Amino acid sequence: MTEKKPQFSYEQSLKSLDTEEFIDLKFYRPLGYRWALFFNKVGATPNFVSVLSIFLGVAAGVLFYFSNIWLNILGMLLLVWANTYDSADGQLARLTKNFSKIGRILDGACGDIWFITIYIAVCLRLYPTWGMYIWLLAAFAGFWHSKQASLADYYRNFHLFFVKGKNGSELDDSESVEKEYKSCKFSNDPLFKIFMWFYKGYTKKQESVTPQMQLFRKCIKTKYNEQVPSALAEEFRLQSKPLMKYTNMLSFNTRVIALFISLLIDMPWLYFVFEIVVLNIMLFYMVIKHERICRYFYTKCGA
């Protein structure tokens with residue numbers, strides 16, 4: 001008798017409707033789901049798909065160096081394709097339950113590598129006119145870009161913790177990451193050791209910006225052993241959900257729309273200004289609001 005292959009539904013490939021953006025639900029997730037089914041059929045792993053997205057994203061970035069509208073448009077299409085694969089790798093992992101720490105880190109690194117390439121290409125393009133000033137502007141924008149993406153990911157996973165529990169979220173803490181890092185020997189798995197060194201620093205930076213969240217997390221761990229009562233989970237979810245739109249805006253779609261517009265009008269430096277001004281306003285609002293919510297729930301949890 002032939003073994004029946006498991007049937008995967010589109011809904012299984014999504015993280016949560018709470019954390020999905022309109023453009024993702026209407027475009028990237030449906031396409032990513034079809035790619036995920038294809039890659040599963042040919043036996044490709046989520047990490048392999050992530051690597052493919054890196055090559056596409058880097059190729060897109062290189063094309064933004066040229067002051068040629070058609071090459072820029074080709075780069076835009078490649079970047080959209082790269083993000084489709086970035087969606088597909090996570091969907092494939094959820095469908096096949098093929099999760100790994102390296103996979104999570106690699107998935108996060110994809111966007112970083114794309115945008116580093118984009119930043120360098122734009123700076124080289126504008127250097128003859130701007131000189132070193134464009135590199136300074138890009139460095140400042142890049143610093144805030146990393147903060148925006150990091151905290152957006154962190155808040156999204158904290159929200160998912162209350163929606164789906166510990167197993168349905170990729171929420172980590174620096175203490176457990178540090179232990180895993182120390183338990184791994186470089187001689188046995190050098191790549192994993194290097195990845196974990198970067199990841200432990202990443203989680204520590206996330207925690208340093210969210211002190212009220214850390215108090216609330218500690219209370220949940222101490223009082224409930226991370227098994228949050230359903231009433232408390234639902235109350236937090238309802239207060240946190242309105243902030244999820246900011247986590248999406250700070251991740252990909254909004255910033256890429258701004259990037260594409262700046263390229264189409266041949267003023268790519270405007271993208272850096274957009275990141276520094278508009279996206280930072282969103283970031284500061286999100287952090288302040290989320291910390292207030294966590295302070296309220298920490299007080300309630302400790303009562």
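A: First the terms: on a 1 Å grid over the protein atoms alone, a cavity is a set of points where a 1.4 Å probe fits but cannot get out, while a pocket is an open set with protein on both sides within 12 Å along at least five of seven lines. Lining residues have an atom within 4 Å of a point. Grid points are joined across faces, edges and corners, and a volume is the space filled by probe spheres set on the points.

Q: What kind of model is this, and how are residues numbered?
A: This is a predicted model, in which local features need pLDDT of at least 70 and side-chain atom pairs count only at pLDDT 80 or more, while totals for chains, interfaces and linings use all residues. Residues are numbered from 1 along each chain as its sequence is written, and side-chain values use heavy atoms, with hydrogens and water left out.

Q: How many cavities of 30 Å³ or more are there?
A: The count is one cavity of 30 Å³ or more. The largest cavity has a volume of about 30 Å³.

Q: Which residues line the largest cavity?
A: Phe161, Leu171, Arg217, Ile220 and Glu226 line the largest cavity. By class, that lining has three nonpolar, no polar and two charged residues. Here Ala, Val, Leu, Ile, Met, Phe, Trp, Tyr, Cys and Pro count as nonpolar, Asp, Glu, Lys and Arg as charged, and the others, Gly among them, as polar.

Q: And the second largest pocket, what is its volume?
A: The volume of the second largest pocket is about 390 Å³. Its lining has 16 residues, and Asp173, Glu175, Arg217, Lys221 and Glu226 lie nearest its centre. The lining divides into 10 charged, four polar and two nonpolar residues.

Q: Which helices supply at least two residues of that lining?
A: Helix H6 (174–183) and helix H8 (211–224) each do. H8 gives the most to the lining of the second largest pocket, with five residues. Helices (H or I, at least four residues) and strands (E, at least two) are DSSP runs, numbered from the N terminus.

Q: Glu226 came up for both linings. Where is Glu226 placed?
A: Glu226 is in the loop between H8 and helix H9 (230–240). Its phi is positive, about 65 degrees, although Glu226 is not a glycine.

Q: What about Asp266, what is its phi?
A: Asp266 also is not a glycine, and its phi is positive at about 60 degrees. Asp266 is in the loop between helix H11 (253–264) and H12. With 47% relative accessibility, Asp266 counts as partly exposed. The classes are buried for under 20% relative accessible area, exposed for over 50%, and partly exposed in between (1.4 Å probe, protein chains only).

Q: On to the cysteines. Which two does the disulfide join?
A: Cys219 and Cys301 are joined, S to S 2.1 Å. The rule is a pair of cysteine sulfur atoms within 2.5 Å, and by it the count is one disulfide. With -100 degrees about the S-S bond, the link is left-handed. Cys219 lies in helix H8 and Cys301 in helix H12, so the pair ties together parts that are 82 residues apart in sequence.

Q: Buried or exposed, those two?
A: Cys219 is buried, with a relative accessible area of 12%. Cys301 is buried too, at 2%.

Q: Last topic, helix packing. At what angle do H5 and H12 pack?
A: Helix H5 (residues 133–164) and helix H12 (residues 269–302) pack at about 35 degrees, with axes 9 Å apart. By class, their contact has 20 nonpolar, four polar and two charged residues. Axes are lines fitted to C-alpha atoms, for helices over the stretch in contact, and angles run from 0 to 180 degrees between N-to-C directions.

Q: And His290, where is it found?
A: His290 is in helix H12 and is buried, with a relative accessible area of 1%.
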